[in-house]
Amino acid sequence: MCRMNAVRSPMAETIARSLLPGTYVASAGVRPGERDPFVDAVLGEVGLSLGRHAPHSLDELEDDYFDLIVTLAPEAHHAALELTRSMAVDVMYWPTPDPTVATGTRDQIMSSYREVREFLKMLIEKRLKASG
């Protein structure tokens, strides 16, 4: 879960699905944003795709039962804690840089998105895949 389900959370969802087959994974934002073409580009570099993903909010998810919610932005973390205060759901906060604030050339911006992709992959492998 992130702020707008446009960059960090859909990237994390796609990476998690590739690393954790058979595990239900979904992403959402506090509110829906606009799909970001840089996300498609950096995922495509490693053979992954968002497919038909369209940004959506937590309220728009088809399933509202989760064992774990991973939040990637402060606003999302506060929203998840509020949502789950009366539920038996674990909430983990992984502070993740927002690559949309990157400036410069296209290559510099892509580099910022790649760093987030690799950061999320490392966290998923280390904290979720390793723990089963």
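## Overall architecture

Within the chain, residues 24 or more positions apart account for 67% of the contacts that have a separation of 6 or more, a contact being heavy atoms within 4.5 Å. This is a predicted model, in which local features need pLDDT of at least 70 and side-chain atom pairs count only at pLDDT 80 or more, whereas totals for chains, interfaces and linings use all residues. Residues are numbered from 1 along each chain as its sequence is written, and side-chain values use heavy atoms, with hydrogens and water left out.

The chain holds four helices and two strands, which follow one another from the N terminus in the order α-α-β-α-β-α; helices (H or I, at least four residues) and strands (E, at least two) are DSSP runs, numbered from the N terminus. For 132 residues a compact globule would have a radius of gyration near 14 Å, and the chain agrees with its 14 Å, where the radius is taken over C-alpha atoms and the globule rule is 2.2 Å times the number of residues to the power 0.38. Along the principal axes, the C-alpha atoms fill a box of roughly 45 × 30 × 25 Å.

Of the 132 residues, 42% are buried, with buried meaning under 20% relative accessible area, exposed over 50%, and partly exposed in between (1.4 Å probe, protein chains only). The accessible surface of the chain comes to about 7500 Å², and carbon and sulfur atoms contribute 52% of it; these areas come from the Shrake-Rupley method with a 1.4 Å probe, and for residues only the protein chains shown count as cover.

Helix 2 (residues 37-44) has Val39, Val42 and Leu43 as buried residues. They cover an arc of only 100° around the axis, which puts them on the same side of helix 2, the arc being that of the directions from the helix axis to the C-beta atoms. The cover over these buried residues includes helix 1 (8-19) and helix 4 (106-129). At the start of helix 2, a side-chain oxygen of Asp36 comes to within 2.8 Å of the backbone nitrogen of Phe38.

In helix 3 (residues 74-84), the buried residues are Ala76, His77, Ala80 and Thr84. Viewed down the axis of helix 3, they fall within an arc of 100°, so they line one face of the helix. An α-helix has 3.6 residues a turn, so residues three or four places apart point the same way. The buried residues of helix 3 have a cover that includes strand 1 and strand 2 (90-93).

## Aromatic pairs

The structure contains two aromatic pairs, counted where rings of Phe, Tyr and Trp (its six-membered ring) have centres within 6.5 Å, with planes under 30 degrees apart taken as stacked, over 60 as edge-to-face and the rest as tilted. The rings of Tyr24 and Phe66 have their centres 6.3 Å apart and their planes at 25°, so this pair is stacked. Tyr24 lies in the loop between helix 1 and helix 2, and Phe66 in the loop between helix 2 and strand 1 (68-71), so the pair ties together parts that are 42 residues apart in sequence. Tyr24 is partly exposed at 49% relative accessible area, whereas Phe66 is buried at 14%.

For Phe38 and Tyr113, the ring centres are 5.2 Å apart and the planes stand at 35°, so this pair is tilted. The pair links distant parts of the chain, with Phe38 in helix 2 and Tyr113 in helix 4, 75 residues apart. Phe38 is partly exposed at 22% relative accessibility, while Tyr113 is buried at 2%.

Ile15 belongs to helix 1 and is buried at 4% relative accessibility. Leaving aside neighbours within four places in sequence, Ile15 is in contact with Leu43, Leu48, Arg117, Leu120, Lys121 and Ile124. The C-alpha atoms of Ile15 and Lys121 are separated by 6.4 Å, although these residues lie 106 residues apart along the chain.

Ser9, also placed in helix 1, is buried at 2% relative accessibility. Residues up to four places away in sequence not counted, Ser9 touches Met1, Cys2, Ser27, Ala28 and Leu72. The side chain of Ser9 makes a polar contact with the side chain of Asn5 at 2.8 Å and reaches the backbone oxygen of Ala28 at 3.4 Å. A polar contact is a pair of N or O atoms within 3.5 Å; within protein, one must be able to donate a hydrogen and the other to accept it, and residues adjacent in sequence count only if both atoms are side-chain atoms.

Ser57 sits in the loop between helix 2 and strand 1 and is buried, with a relative accessible area of 8%. Not counting residues up to four places away in sequence, Ser57 touches Ala28, Gly29, Val30, Arg31 and Pro32.
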